[in-house]
Amino acid sequence: MRTLTILLGTMLCFGLSGCIKNEPLNTEADIVKCILPPGILKSDPLITNNTVLLLILPGTAEIDHLAPEFELTPGATIKPKSGTVRDFTTPQTYTVTSEDGQWSKVYTVTVSQTDIPTVYDFEHWRTANKYETPYEVLEPGNEEMNIWASGNAGFAIAAGNAAKPDDFPTFSTTDAYQGKLAAQLVTRSTGKWGALAGMPIAAGNLFIGTFDGSSAMADPLGATHFGLPLGQKPVRFLGHYRYISGGNVTGKDGKEIIPVRRDIGQIYAILYETDDNVQYLDGSNITTSPNIVARAMFTGIKETEGTGYELFDVTFVYEKPYDPEKQKNFRYNLAVVFAASERGAYFEGAVGSTLYIDAVQVICE
């Protein structure tokens with residue numbers, strides 16, 4: 001009897017183990033948060049799909065002896081380990097590996113004590129996850145600063161594994177106004193999956209700020225975080241562009257919007273104040289927020305003939321008094337925004353609309 005009981009118990013255990021499956025290990029390999037001691041950052045750490053930008057208040061930390069700590073997606077690991085002291089006078093790389101060990105991502109972490117640049121030549125681009133992102137190089141020490149973002153990360157699913165950088169909505173081009181490279185923004189079709197999701201297009205865009213690719217499907221407007229701290233007062237916004245319209249605007253259903261109108265691009269800059277409740281503006285309030293202090297909206301964009309660039313030059317119009325105390329404490333953010341379709345954030349535009357941008361400057365007092 002005892003032998004039969006043991007045998008039945010063993011069979012039951014094996015039967016149960018055949019039914020119970022272990023939870024699959026996490027495949028995500030992301031930095032979720034970056035933590036430094038309080039009182040040294042101008043703003044929250046700026047984390048994109050493969051970069052982290054830490055803007056440090058001047059004189060508050062020795063950047064050659066910083067030890068940032070990282071919060072990762074569940075189960076992921078990071079090398080060098082979180083809290084390692086490193087010399088951030090040059091950008092440092094970290095490799096994040098997923099819990100299942102099958103996926104890894106390399107992040108470039110940049111620390112800067114200088115103000116963000118206000119002259120943009122789009123000569124420097126970095127490729128990661130198959131798409132390109134421009135970055136700025138500051139003189140005289142050739143410090144790299146990752147201030148630009150786009151919706152490329154959100155387009156990655158539609159692009160597929162075989163995609164090249166110029167298959168994405170935003171990429172570099174040799175068709176420049178000056179120098180070797182410029183930015184090219186193209187409104188792309190997102191294919192069948194995009195049409196089913198009510199997101200039939202992805203407008204090429206480029207902006208100062210960050211893009212949260214993880215929330216792009218659930219909250220596309222909230223995924224765009226516009227603006228970075230600026231310790232100067234902007235007065236003019238100018239640069240050079242070319243524009244080719246893709247035709248009449250279609251809506252989220254893929255059909256022409258009535259009344260019929262031809263697609264047009266978008267170029268503007270906005271200065272806004274931050275506070276305890278507003279750390280950044282997003283696609284839902286970038287032009288409507290009560291925190292906006294000044295705006296420079298270029299409304300004269302037109303289709304350009306041939307291969308020549310046109311100049312845009314607009315003055316910042318102040319809607320609130322400018323506070324030098326807030327300037328000193330970096331409580332103002334500057335957002336510079338370019339888009340191939342002005343209503344692209346709402347998935348309205350024309351496939352093929354193309355905006356070239358080069359030699360841009362925000363002139364400050």
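Cys 364 is buried, at a relative accessible area of 18%, and Cys 34 is likewise buried, at 7%. Here buried denotes a relative accessible area under 20%, exposed one over 50%, and partly exposed the range in between, with a 1.4 Å probe and protein chains only. The structure holds zero disulfides, a disulfide being a pair of cysteine sulfur atoms within 2.5 Å. In general, such a link is a covalent bond between the sulfur atoms of two cysteines.

The model is predicted: local features need pLDDT of at least 70 and side-chain atom pairs count only at pLDDT 80 or more, while totals for chains, interfaces and linings use all residues. Residues are numbered from 1 along each chain as its sequence is written, and side-chain values use heavy atoms, with hydrogens and water left out.

**The chain as a whole**

The chain contains four helices and 28 strands; these are DSSP runs numbered from the N terminus, with helices being H or I of at least four residues and strands E of at least two. The C-alpha trace spans about 95 × 55 × 40 Å along its principal axes. Of the 365 residues in the chain, 48% are buried. Among contacts between residues at least 6 apart in sequence, 66% join residues at least 24 apart, a contact meaning heavy atoms within 4.5 Å.

The chain exposes about 17800 Å², of which carbon and sulfur atoms supply 53%; the areas come from the Shrake-Rupley method with a 1.4 Å probe, and for residues only the protein chains shown count as cover. The mean positions of the 28 positive and 42 negative charges lie 5 Å apart. Lys and Arg count as positive and Asp and Glu as negative, whereas His and the chain ends are not counted. Each charge is placed at NZ of Lys, CZ of Arg, CG of Asp or CD of Glu.

Strand β28 covers residues 354-364, and nine of its eleven residues are buried, so the strand is largely enclosed by the rest of the structure. Strands count as paired if DSSP finds at least two bridges between them.

| Strand | Residues | Bridges to β28 | Direction |
|---|---|---|---|
| β8 | residues 119-120 | two bridges | antiparallel |
| β15 | residues 182-186 | four bridges | antiparallel |
| β21 | residues 234-244 | nine bridges | antiparallel |

Gln 361 of β28 is the bridge partner of Val 119 and also of Leu 238. Ala 183 stands opposite Ile 357 in β28.

Leu 355 lies in strand β28 and counts as buried, at 0% relative accessibility. Leaving aside residues up to four places away in sequence, Leu 355 touches residues including Ala 183, Leu 185, Tyr 241, Ile 267, Ile 301 and Phe 338. Leu 355 and Tyr 241 are 114 residues apart in sequence, yet 6.9 Å apart in space, C-alpha to C-alpha.

**An open sheet of five strands**

Five strands form an open sheet in the order β2-β3-β7-β6-β5, with mixed pairing. At its edges stand β2 (46-47) and β5 (77-79); each has a single partner strand, so one side of each is left without a neighbour in the sheet. Within the sheet, β3 (residues 51-55) and β7 (residues 104-112) run parallel and are joined by five bridges. Leu 54 stands opposite Val 111 in β7. In general, strands of a sheet pair through backbone hydrogen bonds, either parallel or antiparallel.
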